[in-house]
Amino acid sequence: MRKAIVGAGLLLGLAGCATTRVIPPEALIDSEVSIRQAEEAGAVGVPDAARHLQWAREQTSEARRLLENNQRDRAALFLQRAEADAELALALAREAPARADAERVRQEIQQLQQNTVQQ
């Protein structure tokens, strides 16, 4: 039974390797749009977001190179990673101002509590 499961897994794996992934024409554009959105949201100014933004740029560039060399499978993977990193950069950039506001409010509350105790 175990040999049959392992054999089926190997066949599925080989079948997956044998197929060529079709990259939709908009995949490269989607990646670039996600990068632009992260940039516009201020990802460059947030260290963690900037790091993911840079990775997204590098992966998009590598995907472009791979597409030129007709390595579609690898290019598709790089585009998926690029878009994920760009979306994470966008989320981190949007989170930063909210986190700063929350910290400011926390400090105000703490100051009010201290003033109340002192009175």
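A salt bridge is counted where a side-chain nitrogen of Lys or Arg lies within 4 Å of a carboxyl oxygen of Asp or Glu. The model is a predicted one, and a search through the whole of the structure finds seven salt bridges. Side chains of opposite charge can pair when their charged atoms come close.

**Salt bridges**

The table lists three of these pairs.

| Pair | N to O distance | Relative accessible area |
|---|---|---|
| Glu39 and Arg57 | 2.7 Å | Glu39 32%; Arg57 32% |
| Arg99 and Glu95 | 2.5 Å | Arg99 54%; Glu95 32% |
| Arg104 and Glu108 | 3.0 Å | Arg104 42%; Glu108 41% |

Glu39 and Arg57 form a salt bridge through their side chains. Glu39 belongs to helix 2 and Arg57 to helix 3, so this pair ties together parts that are 18 residues apart in sequence. Glu39 counts as partly exposed, because its relative accessibility is 32%. Arg57 is partly exposed too, with a relative accessible area of 32%.

The pair Arg99 and Glu95 lies within helix 4, and because these residues are four apart there, about one helical turn separates them. Their closest N and O atoms are 2.5 Å apart. Arg99 is exposed, at 54% relative accessible area, whereas Glu95 is partly exposed, at 32%.

Arg104 and Glu108 are also four residues apart in helix 4, so they too are separated by about one helical turn. The salt bridge between their side chains has an N to O distance of 3.0 Å. Arg104 is partly exposed at 42%, and Glu108 is partly exposed at 41%.

**Helix 4**

How far apart are the end C-alpha atoms of helix 4? Helix 4 runs over residues 72–118, which makes 47 residues. At 1.5 Å a residue it should span 69 Å, and because its end C-alpha atoms are 68 Å apart, the two values agree. The helix bends by about 25° at Ala96, and a proline, Pro97, follows within four residues.

Some residues of helix 4 are buried, among them Phe78, Leu79, Asp85, Leu90 and Leu92. Several alanines are buried as well, including Ala75, Ala82 and Ala93. Which helices do the buried residues of helix 4 pack against? They pack against helix 2 (26–40) and helix 3 (47–68).

Ala91 is also found in helix 4. Is Ala91 buried or partly exposed? Its relative accessibility is 42%, so Ala91 counts as partly exposed. The C-alpha atom of Ala91 is separated by 8.9 Å from that of Ala41, and the two residues are 50 apart along the chain.

**Ser31**

Ser31 lies in helix 2. With a relative accessibility of 0%, Ser31 counts as buried, because the cut-off for a buried residue is under 20%. Which residues does Ser31 touch, leaving aside those up to four places away in sequence? They are Thr60, Leu79, Ala82 and Glu83. The side chains of Ser31 and Thr60 are joined by a polar contact of 2.7 Å. Leu79 and Ala82, which Ser31 touches, are among the buried residues of helix 4.

Methods:
Residues numbered from 1 in each chain as written. Predicted model: local features only at pLDDT ≥ 70, side-chain atom pairs only at ≥ 80, totals over all residues. Heavy atoms only, no water. Helix = DSSP H or I, 4+ residues; strand = E, 2+ residues; numbered from the N terminus. Expected span 1.5 Å × (residues − 1). Bend = angle between axes of the 7 residues up to and from the residue. Buried < 20%, exposed > 50% of the residue type's maximum accessible area, 1.4 Å probe, protein only. Contact = heavy atoms within 4.5 Å. Polar contact = N/O pair within 3.5 Å; in protein donor to acceptor, adjacent residues only side chain to side chain.
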